[in-house]
Amino acid sequence: MKQGNTVSGSTPIIMLGVLFTALTLLSTPALAQRGLQFNGSNQYVTFGSASSLGAGSFTLECWFMRTGAGVATSTGSGGISAVPLVTKGRAEADNSLVDMNYFLGIQDGTGVLTADFEEGTATASPGLNHPVFGVTPVSYNVWHHAAVTYDTTSRRWQLFLNGVLEKDTVLQAGRRVPQFNSTQHAGIGTAMTSAGTAAGFLNGSIDEVRIWNVPRTQAEIQGAMLTELSSGTGLLGRWGMNEGSGSTIANAVGGGMSGTLTGSPTWINPGTTFALPTATAFNISSGTSAYVTFGTGTTMNAATFTIETWFRREAAGTTVSTGTGGIAAAIPLVTKGTSESEAPSVDINYFLGINTSGNVLCADFEEGASGSSPSLNHPVSGTTAILNNVWYHAAATYDGTSWRLYLNGDLEAELSVGQPAASATTARWPWQHLSDRMARPSRDTLQGVWMRSASGTPHGHKPRSAPPSTTALRRHRQA
């Protein structure tokens, strides 16, 4: 069992820039459980016609990880073409009991989250589709939480990715009720007709599927998305998929319908980690002008330090130099200063980035006024090429003697310096990149930033006697 992302012990850590929902919710431990993996061609879960899963107002939820394109299917004229996640129906016939009750999936082409339903009989427009679309493309090989809600009273249609509202719309006036008496079959990883004919297949994994007959609020979705549950007002079905073997998945709701595995989906262990994907933490994607700054940030000055971040490079970005004798062209990740004049008050305290010569991790600092060569740069560069669209953990440590650089917890470079860093600088403290007299922008997504000082006691934590070892960095990265 693995707990959610928590930090404990005596290490002084300042965590910056994480989306508030992630910061709040990840403090709750959650269990890593089993799940199901689908091949994108003929594997899925069916519940049959499942009248007990029909719903007018509803909330659909699941954790999913897309590992391939999969196969899309249509929800009918005026609907969507999408890879199914959680469904009860697809395109068949209009203005009848074979209209679709609900469909949650990934839009074909754009890769954004999408949902749809068809109006039932005795409504304003029987058989009419009501598609909604998210805005954030779903990244591959990362667990995401998807949710969609519809309220028949207010006609409010909401779509959420990782607990964040992606679409919020109110349908036109009139009775807009989904076909909750649909005889089309309910499923996971596919969509079916009233005869149980499947079309559209997910290439990826699914875990913790829930179907409610009430519209859940965003706060309710966020409050329960990182934990398992077995009950709740309006919960029709919850499938935790923790069996690990066999051909059925049990419904945690007493007397609820179980699902039947078709095509032999693969049991996986673990399933979702109940951890929000890093893309929701902070995305600086322009590569030209977007950044985060903390001003001069004198409380971030440090003579000995460790700097850490998770990052994913998505495009080239724009480089900056750290000065004469430093790194000629680097994409900034976490920095306090950049090339300016050679003076103690504006020298670089620390710089962690990507050296575009070889696209390797790099770091630099300039020597403090009491050093043997004030303002002298001390650059280090790694050896492993950074690939685009891949998540990495970066860290740089300086203990007053040795300057070390780590990629994914592995030592990439080490330099013996033995001189003080320019910790009296008034250079500005951002993470990611700066503008004008400061560092240029990169194009990356970051999960969070940690700055640890080996001296001082930031934010009431006990001081750390030395920067973490390689083993400690690996342990923290895997926690």
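What follows is a short chat about a predicted model of one protein chain.

Q: What is the secondary structure of the chain, in helices and strands?
A: The chain comes to three helices and 32 strands. Both are DSSP runs numbered from the N terminus, helices (H or I) having at least four residues and strands (E) at least two.

Q: Anything to know about the model before we go on?
A: It's predicted, so local features need pLDDT of at least 70 and side-chain atom pairs count only at pLDDT 80 or more, while totals for chains, interfaces and linings use all residues. Residues are numbered from 1 along each chain as its sequence is written, and side-chain values use heavy atoms, leaving out hydrogens and water.

Q: OK, how much of the chain is buried?
A: Of the 479 residues, 55% are buried. Buried means under 20% relative accessible area, exposed means over 50%, and partly exposed is in between (1.4 Å probe, protein chains only).

Q: Which residues touch the most other members in the largest nonpolar core?
A: Leu85, Ile206 and Ile249, in a core of 41 residues. Strand E4 (residues 58-66) gives the largest share of this core, four residues. A nonpolar core here is a set of buried Ala, Val, Leu, Ile, Met, Phe, Trp, Tyr and Cys residues joined through side-chain atoms within 4.5 Å.

Q: Is there one core or another apart from it?
A: There's another, of 26 residues, and Ile307, Phe311, Tyr350 and Ile354 are among them.

Q: Back to isoleucine 249, what does it touch?
A: Leaving aside residues up to four places away in sequence, isoleucine 249 touches residues including Leu36, Val45, Phe47, Trp239 and Trp267. Contact means heavy atoms within 4.5 Å.

Q: New topic: how many aromatic pairs does the structure hold?
A: There are 16 aromatic pairs. Rings of Phe, Tyr and Trp (its six-membered ring) pair if their centres lie within 6.5 Å; planes under 30 degrees apart count as stacked, over 60 as edge-to-face and the rest as tilted. Phenylalanine 58 and tyrosine 102 make a tilted pair, 5.4 Å centre to centre with 50 degrees between the planes.

Q: Where do phenylalanine 58 and tyrosine 102 sit in the chain?
A: Phenylalanine 58 is in strand E4 and tyrosine 102 in strand E7 (residues 102-107), so the pair links parts of the chain 44 residues apart. Both are buried.

Q: What kind of pair do phenylalanine 305 and tryptophan 403 form?
A: An edge-to-face one, at 5.8 Å centre to centre and 85 degrees between the planes. Phenylalanine 305 belongs to strand E23 (residues 305-313) and tryptophan 403 to strand E29, 98 residues apart. Phenylalanine 305 and tryptophan 403 are both buried.

Q: And what stands opposite tryptophan 403 in E30?
A: Leucine 415. E29 (residues 402-407) and E30 (residues 410-416) pair in the antiparallel sense over six bridges, where pairing takes at least two bridges found by DSSP. They form a hairpin with two residues between them, and asparagine 408 in the turn has a positive phi of about 55 degrees.

Q: Where is alanine 122 found, then?
A: Alanine 122 is in the loop between strand E8 (112-116) and strand E9 (132-137). Its phi is near 60 degrees, a positive value in a residue other than glycine. Alanine 122 is exposed, with a relative accessible area of 66%.

Q: Last one: is the peptide bond from asparagine 269 to proline 270 cis or trans?
A: It's cis, with omega near 10 degrees. Proline 270 has its place in the loop between strand E20 (266-268) and strand E21 (282-284).
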